[in-house]
Amino acid sequence: MTTRDIDEILDRAVTGESGSIAVGRTKERIVSSLRPVRPLAPRWVWAGGFLLVFAVVAVAGAAGLGMYGLRALSGVQQAIVFAAVAAAVTVAAVALAREMIPAGGRRIAGAALLAAVVGLPVIFALLFHDYGTRRFVPQGVACLRAGLSFAIPAAIALCLLARRGFVLSLTAVGLATGTLAGLAGIGVLEIHCPILNAMHIMVWHVAVVAVSGVVGWGIGALVRRFR
């Protein structure tokens, strides 16, 4: 049943065909076009899949670059940093799972991005106390480039999963996907980067998720416009 079929039925009704006949034919065509569909898995299953993508990208990326950051962090720093990142990732994964299921719950993609770009710098500021700016830009650009290079494959994998659902808002799902992909990039950097300078981590590491989130939202807006 297409929109053209519906228009034809309405045209015939207007030009003199009995309204009851038109309604009956409409019902018949709609019913005949219905096909059984496979129900979506629960939200927690999809959120778990998104978390798995994050973990695979973060660990594999850091393993490829070298886990120097993990060795530079103390036990307490490791616990706090990765707990904070895990919390942000969980919120972003839930936000993306909600976007791919109609009536999946309140949209929190924007809140996920805000929590990451505001909450993480606060924690980093309290945890690291070196605020020097020596080689701030060269080292920062290198980390930004590395983080984004791993955010891209994470975003592709997340999109392949999310497209199996029924997305209602392309901008919201783009924002959630970009945020989670950016957090995968941060995960790589926190395990790999041995620079414990507060300004470096607060600006350049967090910039990965900020850029990814905005780009994801922009791509979603473009796709919606030309769809």
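This is a predicted model: local features need pLDDT of at least 70, side-chain atom pairs count only at pLDDT 80 or more; totals for chains, interfaces and linings use all residues.

Reader: Why is α5 called roughly antiparallel to α6?

Author: Helices are DSSP runs (H or I, at least four residues), numbered from the N terminus. Axes are lines fitted to C-alpha atoms over the stretch in contact, and angles run from 0 to 180 degrees between N-to-C directions. Angles under 35 degrees count as roughly parallel, over 145 as roughly antiparallel, 65 to 115 as roughly perpendicular and the rest as oblique. The axes of α5 (residues 75-99) and α6 (residues 109-127) cross at roughly 175° and come within 9 Å. That makes α5 roughly antiparallel to α6.

Reader: Which residues make the contact of α5 with α6?

Author: Contact means heavy atoms within 4.5 Å. On α5, the residues include Ile80, Val81 and Val91; on α6, they include Leu120, Ile123 and Phe124. By class, there are 13 nonpolar, 1 polar and no charged residues. (Ala, Val, Leu, Ile, Met, Phe, Trp, Tyr, Cys and Pro count as nonpolar, Asp, Glu, Lys and Arg as charged, and the others, Gly among them, as polar.)

Reader: What is the angle between α6 and α9?

Author: About 175°, with the axes of α6 and α9 (residues 198-226) 10 Å apart. So α6 is roughly antiparallel to α9. Among the residues that meet are Leu120 and Phe124 in α6, and Met202 and Gly213 in α9. This contact has 12 nonpolar, 1 polar and no charged residues.

Reader: What makes Phe124 and Phe128 a tilted aromatic pair?

Author: Rings of Phe, Tyr and Trp (its six-membered ring) pair if their centres lie within 6.5 Å; planes under 30 degrees apart count as stacked, over 60 as edge-to-face and the rest as tilted. Phe124 and Phe128 are 6.3 Å centre to centre, with 45° between the planes. The pair is therefore tilted. The whole structure holds 2 aromatic pairs.

Reader: How do you know that Phe124 is buried?

Author: Buried means under 20% relative accessible area, exposed over 50%, partly exposed in between (1.4 Å probe, protein chains only). Phe124 has 0% relative accessibility, so Phe124 counts as buried. Phe128, at 2%, is buried too.

Reader: Which parts does the pair of Phe136 and Trp204 tie together?

Author: Phe136 lies in α7 (residues 136-162) and Trp204 in α9, so the pair ties together parts 68 residues apart in sequence. This pair is tilted, at 5.7 Å and 55°. Trp204 is buried at 13%.

Reader: Why do Arg107 and Glu99 count as a salt bridge?

Author: A salt bridge is a side-chain nitrogen of Lys or Arg within 4 Å of a carboxyl oxygen of Asp or Glu. The closest N and O atoms of Arg107 and Glu99 are 3.4 Å apart. The pair therefore qualifies. The structure holds 1 salt bridge. Glu99 is buried, at 3%.

Reader: Is Leu70 buried, partly exposed or exposed?

Author: Leu70, in α4 (residues 68-72), has a relative accessible area of 28%, so Leu70 is partly exposed.

Reader: And what makes Thr177 buried?

Author: Thr177 has a relative accessible area of 5%, so Thr177 is buried. Thr177 is found in α8 (residues 170-192).

Conventions:
Residues are numbered from 1 along each chain as its sequence is written. Side-chain values use heavy atoms; hydrogens and water are left out. Helices (H or I, at least four residues) and strands (E, at least two) are DSSP runs, numbered from the N terminus.
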